[in-house]
Amino acid sequence: MDPFISITSAVFLPFVLAAVVPALEKLLKHRIGWFASLIAFISFLLIASIIPLVHSDPFQASVEWLPSMGVDFSIYADGLSVLFGIIITGIGVIIMSYSTAYMGHKEDLPRYYQWLLLFMGSMLGMVFSANTIMLFIFWELTSITSFMLIGYWRNKPESVYGATKSLLVTATGGLFMLAGFIVLRAITGTFDIPTILQNEALIQAVQSHKLFLAALVLIFIGAASKSAQGPFYIWLPNAMEAPTPVSAFLHSATMVKAGIYLVARVHPIFSGTEAWFVLVSGTGIITMLVAGFLAFRQTDIKAILAYSTISQLAYIMTMFGYTTYQEPGMGVAAATFHLLNHATFKACLFLVAGIVAHEAATRDITRLGGLRHEMPITFIIATIGALSMAGLPPLNGFLSKEMFYESSIEMGHALGSPFTFIIPALAVAGGVFTFAYSIKFIAGIFLGKRPAKGLPPHIHDPSFVMIVPAAFLAGFIILFGLVPSLAVQSLVEPAASSIMMEPQHLHIQLWHGVTTSLVMTLVTFLLGALVYAKYDSLAELQNGFNRKYPMISVNYIYDGLVNNAKSTLKGFASFMQPGPVKNYMLALLGLMILLFAIPFFKLAGNSIPSLNFDVEPYEALVFIFMIIAAVGAAVLPKYLQAVISLSALGYLVSLFFIYLSAPDLALTQVLVETLSTIILLLAIVKIPQTFKEHISPSVFIRDALISVAVASMVLILLLYANQGIIPPFESLSYYFIEKSWPLAGGHNIVNVIIVDFRGYDTLGEISVMCLAALGVYNIIRSRGESQ
Amino acid sequence: MTTVITKMITRICLPLAILFSISLLLAGHNTPGGGFIGGVMFVAVVALTYVVYGIKEIKKSFNPDWGNWFGFGLTISALTAFSALPFGHNFFRSAVEFIPIPFVGNLGLVSAGLFDIGVYFVVIGSLLSIFQMVGEDK
């Protein structure tokens, strides 16, 4: 099949078929999950079909979309996007099958699977986007779908809090990224990513440009917010309120890796500079240590996994940053391999967490323990996952951890003393924390003694449907560990090659002799065991610190910002929108006087307009009536009289339109006047009939002055205009008069303008009318409810 | 307001005014009129009937959901705007076609006319639903 068709259908199939999920659910009931996993499986096959293709050259194709903006719908498939595509759809199949057993039959299943499918489609769209605008759109779509999935249980305040937090952090980060893309566009003149990647000179131009740092920082903020790096980590722990399969899918294997993807995608453009190393590796190392350490405090098993995800993603970030100072490729290869491995072992551990929560009805690690006899299969799977995370041979985590150490040693050497020691030491520290919480995960749930109370009496391994997906992932952990070449040749090498923009060959073996990195691994295990022995006291230390200084926390700042936003904005809103219509009128009319005064004083020197009393007697009569009606509307004491006086004025105006041979204006004026009078009358029967407001003399004088000023300004300007003192400019109406018949086939120019020449405006206006009707409906309804 | 005379006049006016509003709508492209004016004409006469006979009384025999009308109108207008796309034209591109009818002359069919019909329904639907809601509100 044509690769373009394969990729576009893999991306859009989930979007299209998500629409039929509610209808199919009526037919399939709770088995709808199998339909969703079938879709994921088809997408998986479609993407797997292009694996052989990207070994040679990246695949590119595009369809014209917004030619005037230089933005096309274009697909770019290289090793990196295919690696992500395989992870997204592969884990997608596993998660959706698992969900069929995890989600109760009474849940709102169509909504759940719809959003999962939409998320999968957006994620695929993002990794195959060839231009930054498309990438941005799909990027924000993943934020929105993630928001809906975290907030799946709408009635739980924690879910709502977590969902809001993730949306605020990641979507705001996305806006920074967009700004970064626009800066990049300003430098390179294109939104197209491959155009930049394949042009050596352009990359040089970017790196030497004075806006280089701005573009890098802005784009990196986007990546860091999505991948929960640096201070933006705060959203991920709260996102654990999502159903566990969602956490496994979005918040460990795929969405949080979008930031990693972005860093890898722009790697050829920005890497090799000092700023790149400081920003990417610096953020990575700090996040790795802090998040790894903070994991100790967590008692929720999903929260432990969330902190470990943050820390593991930080490993990957760090390695991407290494490229600047070392033999190209080593860090990138290690990062890409770890990316794949992390997706397998972390998703596996989340599925285990889901099984435990499902069977034992709690996720609190202090209330769990000793479940190894009751859940032997789950215990084995969990052990494989956790030991892989801890970096034990012969599992895949061991291999990529070794590579991480190796590239850290290289990095240290490249930087020279004192970094020769510091950087490997920091890497080991990260590994030590990982080892400790990995062991805690197994020991806390499965080892030790079963708590005397608090757990259900009969706990057992879950059904086949839940155990198989987890076992499947555990199988991959062992397989990639024993035969790394399997994954490396087909997925990791092409991905690393496309990140480096040159062919990479990796030789990953389980046993590669006694090297420094192997020694570091052994040191890690030793220190890890020591730290594990002190696990509880370290957690207590953190808790104590937190109690003492609650202010030293990113969450504290976030909550402060969000909670104060309401009151800050309230002040702003009450200043801008005080309520009484009178205030708005004052502002509007004041501005009008100001604007009129400028031409007035400019023209005053030229000549004084003369008044022209040459009017027909019947015109004069209408004028007199109009003046009477206007004065009446202003001074009459009761609403009813004032309204009638006002509408009399309106009808008299329409009489003038007839004199001036504008029949449709006159017709419209009469009809609108009639309607508004009726509606005003309907409204005023419900309120007191007289104006009760007391007006002080000073307010009265102010209002009168403003009215007189506005009126006389209008009068004088009209006189100027009428006597040709204001310089005439070419009227637009000639164009319409000329083109109305030949272009639109109509003689009534007013109507032709409304429905044809300016039809877009009209569409907007009628939408506003509909919204106004809905608004009135809401106001009247909500008032009825509050009474 | 509800004297026998107003009731009688309303009764006579109602069908005439509705016919007039439709003629305003259809003829609007070449002579004074159009979807907006036609719609307001329709609204005015229905509002008159509501006032003269009372909303409750009218609702017993004639009670359309005006909310549906504006939804319908907005859909028609938007679809008309999009309808040029499948033919490879720009958004909102209009089409004109003249069909000769024996003894009558040329009947001009304009795609913008369809758009105008949407406007007509939006005006009627939104104004009358506002009118009804304000009128029924206690």
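Domain bounds here come from an automatic or database domain assignment.

**View 1. Domains of chain A in the predicted model.** Domain 1 of chain A covers residues 271-533. Domain 2 spans 584-729, and domain 3 runs over 731-787. Between the centres of domain 1 of chain A and domain 3 of chain A, taken over C-alpha atoms, the separation is 60 Å.

**View 2. The contact between chain B and chain A.** On the chain B side, 42 residues are in contact with 35 residues of chain A. Four elements of chain B each give two or more residues to the side that touches chain A: helix H2 (35-53), helix H4 (66-82), strand S2 (105-110) and helix H5 (111-136). H5(B) supplies the largest share of that side, with 14 residues. By residue class, the side of chain B that touches chain A consists of 26 nonpolar, 14 polar and two charged residues.

**View 3. The largest nonpolar core.** This core has 197 residues. Those with the most contacts inside the core are A:Leu116, A:Leu149, A:Cys348, A:Leu349, A:Leu351 and A:Val352. Helix H16 of chain A (residues 330-360) gives the most to the core, contributing 19 residues.

**View 4. Surroundings of A:Val352.** Leaving out residues up to four places away in sequence, A:Val352 touches A:Thr378, A:Ile381, A:Ala382, A:Gly385 and A:Ala470. A:Val352 is also one of the residues with the most contacts inside the largest nonpolar core.

**View 5. A second, separate core.** This core has 52 residues, among them A:Ile754 and A:Met769 of chain A. From chain B, the core includes B:Ala47 and B:Leu48.

Methods: Residues numbered from 1 in each chain as written. Chains lettered and ligands numbered in written order. Predicted model: local features only at pLDDT ≥ 70, side-chain atom pairs only at ≥ 80, totals over all residues. Contact = placed C-beta atoms within 7 Å. Nonpolar A, V, L, I, M, F, W, Y, C, P; charged D, E, K, R; others polar. Core = buried A, V, L, I, M, F, W, Y, C linked by C-beta atoms within 7 Å. Buried ≥ 20, exposed ≤ 12 C-beta atoms within 10 Å, placed from the backbone.
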